[in-house]
Amino acid sequence: MNGRPEQFTAQPNELLVERLRDGLGLTGTKVGCDTGQCGTCVVRLDGRSVKSCLVLTASAAGAEVATIEGETTRGGELTGLQEALRQEHGTQCGFCTPGMVMALGELVDATAGGEAPTEPEIREWLTGNLCRCTGYHSVVRGVQRACAAARAEAPATVPATVPEPAVVAASTAAGQEV
Amino acid sequence: MTAVTGEAPATGSGVLGQPLDSREDPQLLRGEATYVADIDLPGTAHMAILGSPVAHAKILSIETKAAEQLPGVLKVATAADFTDVMPLPCIWIPGGVESHFPPHPYGLPGARPVLTGDTVRHVGDPIAVVVAETPRQATAALAAIAVEYEPLPVVTRADEALAEGAPQLHEAVPGNLNAYWTCGDKDRTDAAIAEAEVTVELDLVNQRTINSPIEPRGAVGDHNAATGEYTLYASTQGPHNHRFLLSALVLGIPFNKLRVIAPTVGGSFGTKGYLYPDMALVLLLSKELGRPVKWVDTRTGLMNSTVQGRDHRQHVTLAGTRDGRITAVRCTSYANLGAYPSTIGPGVATALMGRSISGMYDIDAAFCEVYAAFTNTVSLGAQRGSGRAEAAFLMERLVDRYASEIGMDPAAVRRKNLVPKEKFPYDNGLGWTYDSGNYQLNFDKAIELSGYADMPARKAEARTRGKRLGVGLATYVAICGVGPSTRMSQEGMLGGTWESANIRVHPTGEVTVTVGSASTGQSHGTVFAQVAADELGIDPDTVQVLEGDTQKAPYGQGTYGSRSYSMAAPAVALTARKIKSKLIRAGAVFLGVPEDKVVYEGGRVHEDGNEQNTKTFAELAMSMWYGWGLPAEIEPALDETTHFDPPDFNYPFGTHVAVVEIDELTGETEVVSYTAVDDAGHIGNPKIVLGQIEGSITHGLGQALMEAAVYDEQGLLISSDLTSYALPRAADVPFFTLDKTVTPSPHNPLGAKGAGEIATVPPAAAVVNAVVDALADLGVQHIDMPLTPEKVWRRLRGEAQ
Ligand code: FES
Ligand code: FES
């Protein structure tokens, strides 16, 4: 869990988001819907973004879970993506924000070595995350800014393709395939 | 307060009007902000609410024993447990309308009980609550409550609810008619229509929509047995308002025994300003159980309990000359209030909509009548742009219909009828007096920026790709800055609508600003700091802003209707001016010169003509803290408050241009470009307003293209989660082309007009106009929203609406 081992016993029907919020007090991950649509609960499981309201805690056993709390220390310096989103005012009420940061972080990381994602690719990537405040525009600009900043620091060498968004419904049986 | 016509904002430190980064953002980006669901008081018990599964029925019996036996269950309560609790009041009864509800003990109309005991009137109507050790236990126990219902007939449409023989919702409201409300001049309008060269008519459905803030509502109640005080943490837009409504008017406890705290609130768009049963229930049950009680809604729960928006069925008529001069507009509307009058729903459905129907046009005769009816649906309330969006929709649809009828370009018709600049202040004949405007400038800018002249060529080009391109215009005026308390009382608002601010200057020169409004994502902390810093000529980083806690903040009515920057920010500015004038008086003492020789400039005072004889803001702050040497008429310390009640509302306006492409094969509508030129007067922070404009347009596009609250004949809300209720996603919108004009309002010292939600007002009209334009050669004159691919596909193939 954010680089630290956590040991506990989970009920078979316990959802990962419940464990994070109620069990571990990691309330940065939000719950916005009952149906896996809104994306406020996105965390990364072994590096891929998943909706933690669709993952059974038990099925995440042994996996590396990254939540928003692990992105930076409390009150600490923002990551490149967060800073870019700040500069573009990519957050208003902020309720969708942690989920977006986790989902978009995967996109920014995955494309860091190659070409920056295009605007349609960013929008496509974001379809698993709902935002009612910003209309997404500032978020998309934030990602563009983050990608540009990342490239200015480390010039691209390998052309990369945008990976398929992983933020999709988990299989209800095991909650493993996400 | 003296109106300061067109005065530019102060430029003390020059930070007002600058696109400063939002100081709230870093915390949000790190996921560190605390929303209601994140509050975890020691010993908290969890509440779940049993909502009715049927839309209309008599409750024959409720059996709670089995639920009480379940593990973890602490309490199961029904209406019988709260007989001494007053009903939740409705505080906006449209002017001149008598309420048919049994009066509330404080002379207000009672609207709904905290729990329903005899008859349920919509799916989700709260019947019982369970409090348990864990949220899962509470939810599980709901299933063990046995309720016996005797079904009653159901009605979900306002017009049908008013028909002879319709199911009756409330004994006290015969015929389901809550209000028949009118504005404007009926005789004159009817005559103008009868005599007109041209008339056009439309039947419109402004479908019901669900605001869907991404954070569902929640509440935590905490009663302190030792002091008898209650604390409510709630996702609220107006903590003071909720304190006022809940303490004296519902719970019957003294005002000073209730503290309301709005933590970080995850969006609202109107819905979180309303009084809901859960807010009272967590407080009552906390007292009974001696523990904090917490309730957090689910998405489906939200959709079945939080106020919904729009929902008018209208017959509208426009009259004009053959050469494009509009002479009259008339609207008959059936508004669906839902099952109970919400806190201010009846006012939204009437005054906010009806008085705005003539929009930016100079029309001689206008009349609007609204039949506001009860039905077996969730109560109606505000929705981003509420009332004004419905008004703009009908007017802008009519103008396009009229333009096509007389064969004139829709832009030319609009241009011809705009209220001319020299006519301000302009009485629109429907009850509003527009404060200021330069509509021609705004309109021309939008037309130019959108490349309107190139549309014929673009249409032809699109056809070569199997697409039909359409362009749609919409203009609007949005009443904002609610507002002048006396004027609102004439509209039937039972309460003041002023705002206040306090500024306290600390001995070390830092400043704390507290305001009565409360942010739901509008970066108040950033913007109010800019206002104070600018007035005082100090660094905004030294200004702290507090709000959202009734124990810390001065009174205020909250954030709604895009009012914070034109209501609370002026209170901040005026308070800063009080501080400044006190510093000038005290400065005279400290500098040893007469008052008229003291200059306040750039956060310091100095002697006129002698800049060496000076004291900085921090030095002044310390001197005022000590208070040494001050004459009797100058009190020590710097702590001032202002209650701002403006002379009248303000009226932002704008012009939007939507360009859509319709796929001939699939009927899919894509918004390919969207241009908006809005005028919100002087803007405090353009970066923050830009975000609000973009979000607002996207919200409006949602209504046009995909959003609809759908009830079946049984009154079941079919679209009760985010799989069945479509919200715009990132791929559904393009980047917008945005610009502004600046026409200051004379009604506040910042020259500000509302901004937050105004851009939600015209997009639905602009998009429907664009789609109708794209299909015009097929004889299409109107399509009801939402413009789903199937609906458009059928029209492409010649099917009627
Ligand atoms: S909470 Fe909405 S997708 Fe998980
Ligand atoms: S910032 Fe409010 S939902 Fe995205």
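Which residues does V767(B) touch, not counting residues up to four places away in sequence? I found A658(B), V660(B), V671(B), L701(B), A704(B), L705(B) and L787(B), with contact taken as heavy atoms within 4.5 Å.

I note that this is a predicted model, in which local features need pLDDT of at least 70 and side-chain atom pairs count only at pLDDT 80 or more, while totals for chains, interfaces and linings use all residues. Residues are numbered from 1 along each chain as its sequence is written, chains are lettered from A in the order in which they are written, and side-chain values use heavy atoms, without hydrogens and water.

**Core.** Of its 205 residues, L232(B) and V767(B) touch the most other members. Helix α10 of chain B (388-406; a DSSP run of H or I, at least four residues) gives the most to this core, ten residues.

**Interface.** I then turned to the contact of chain B with chain A, which takes 54 residues from chain B and 56 residues from chain A. The buried area (accessible area lost on being put together, 1.4 Å probe, summed over both parts) is about 4400 Å², and carbon and sulfur atoms give 55% of that. In chain B, L29(B), R729(B) and F735(B) lose the most area to chain A, together 18% of what that side buries.

**Charges.** I recorded six salt bridges between the chains (a side-chain nitrogen of Lys or Arg within 4 Å of a carboxyl oxygen of Asp or Glu). One of them joins E694(B) to R141(A), with the closest N and O atoms 2.8 Å apart.

How values were computed
Buried area is the accessible area (1.4 Å probe) that two parts lose on being put together, summed over both. A nonpolar core is a set of buried Ala, Val, Leu, Ile, Met, Phe, Trp, Tyr and Cys residues joined through side-chain atoms within 4.5 Å. Buried means under 20% relative accessible area, exposed over 50%, partly exposed in between (1.4 Å probe, protein chains only). Helices (H or I, at least four residues) and strands (E, at least two) are DSSP runs, numbered from the N terminus.
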